[in-house]
2 protein chains.
Amino acid sequence: MYLCVMYSSELVKGTLKTIVLKLLSETEKMYGYEITQKVKELTDSKIVITEGALYPLLHQLEAEGVVTTEIVNIGKRVRKYYTLTQAGNERAKEKLYEFADFINTMNILLDLKPTIKYV
Amino acid sequence: MYLCVMYSSELVKGTLKTIVLKLLSETEKMYGYEITQKVKELTDSKIVITEGALYPLLHQLEAEGVVTTEIVNIGKRVRKYYTLTQAGNERAKEKLYEFADFINTMNILLDLKPTIKYV
DNA sequence: TGCATATACATAATATTCTTATGTATCTTT
DNA sequence: AAAGATACATAAGAATATTATGTATATGCA
């Protein structure tokens, strides 16, 4: 038994679509399980996407024409790859811009200071 | 009729409690309507808190012992002031810290810069 | 070799949290 | 005098997530 420091679910809730679109926008094609693992890895398990949240979202994105799918057989198992459409790429950009703007507004509201990062 | 550029409701959803606690932590006491106006003002109407969301939250916070209330008569009208308890101040700090950390994680995940430092 | 864990999809029941609508009432501005 | 602002409150409904469940294959290890 170990302590997993995750964020309160409310916080993460509204950002799932943004996260998924961003990942798809830079990786050409990904499948559902891969997305969950990538997010887990990149966030050091601070954000964990559940399947019950992800799959319905992916289906919704497909219905909206934001992504197209491609089913690939891996041995006897099936993988469903998702690729952004052109409209999907636009959607991803919009979502990212909106989120960045939202963070700026929240910084003002909550009085958080950005720090300069020297790499 | 004018165009109000607000964020998608999903985004704002999870942050209401954090916003309210932050405002209360720096203003000693506030009433509901005042909170809605303050947020509207500070965010240039980009974030608008609805009463249907705020009042139930305030009642919940009171039930949890995070705030205490004080009813004040203004003429023939009634105002209900909310003040953070000591536990409420702790809660506010926690929520702010969590949000700052969350933003940092999202920045890494979405590849946005710079990072936010909560002091 | 068998059992646990990981991979990989999916959906249903439930919970949470918000929007929208409605209700009451007073105060202020035009 | 009417419209809009102030000030509270709650209920119905929508959206989006959690939790639980189901199916099936693949892999690691004891």
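Modeller: Ala, Val, Leu, Ile, Met, Phe, Trp, Tyr, Cys and Pro count as nonpolar, Asp, Glu, Lys and Arg as charged, and the others, Gly among them, as polar. This is a predicted model, in which local features need pLDDT of at least 70 and side-chain atom pairs count only at pLDDT 80 or more, while totals for chains, interfaces and linings use all residues. Residues are numbered from 1 along each chain as its sequence is written, chains are lettered from A in the order in which they are written, and side-chain values use heavy atoms, without hydrogens or water.

Biologist: How many charged residues does the surface near DNA strand C have?

Modeller: A residue is near a strand if one of its heavy atoms lies within 4 Å of it. Among the 22 residues around DNA strand C, Arg77(A) and Lys13(B) are two of those that come nearest. By class, this surface has 7 nonpolar and 6 polar residues, and the charged ones number 9.

Biologist: Which element gives the most residues to the surface near DNA strand C?

Modeller: Helices (H or I, at least four residues) and strands (E, at least two) are DSSP runs, numbered from the N terminus. Elements that each supply at least two residues include α3 (32–42) and β3 (77–84) of chain A. The most, 5 residues, come from α4(A).

Biologist: How far is a side-chain N or O atom of Tyr55(A) from a phosphate oxygen of DNA strand C?

Modeller: A polar contact is a pair of N or O atoms within 3.5 Å. For Gly32(A), a backbone N or O atom is 3.4 Å from a phosphate oxygen of DNA strand C. For the side chain of Tyr55(A), the corresponding distance to a phosphate oxygen is 3.0 Å.

Key
A polar contact is a pair of N or O atoms within 3.5 Å; within protein, one must be able to donate a hydrogen and the other to accept it, and residues adjacent in sequence count only if both atoms are side-chain atoms.
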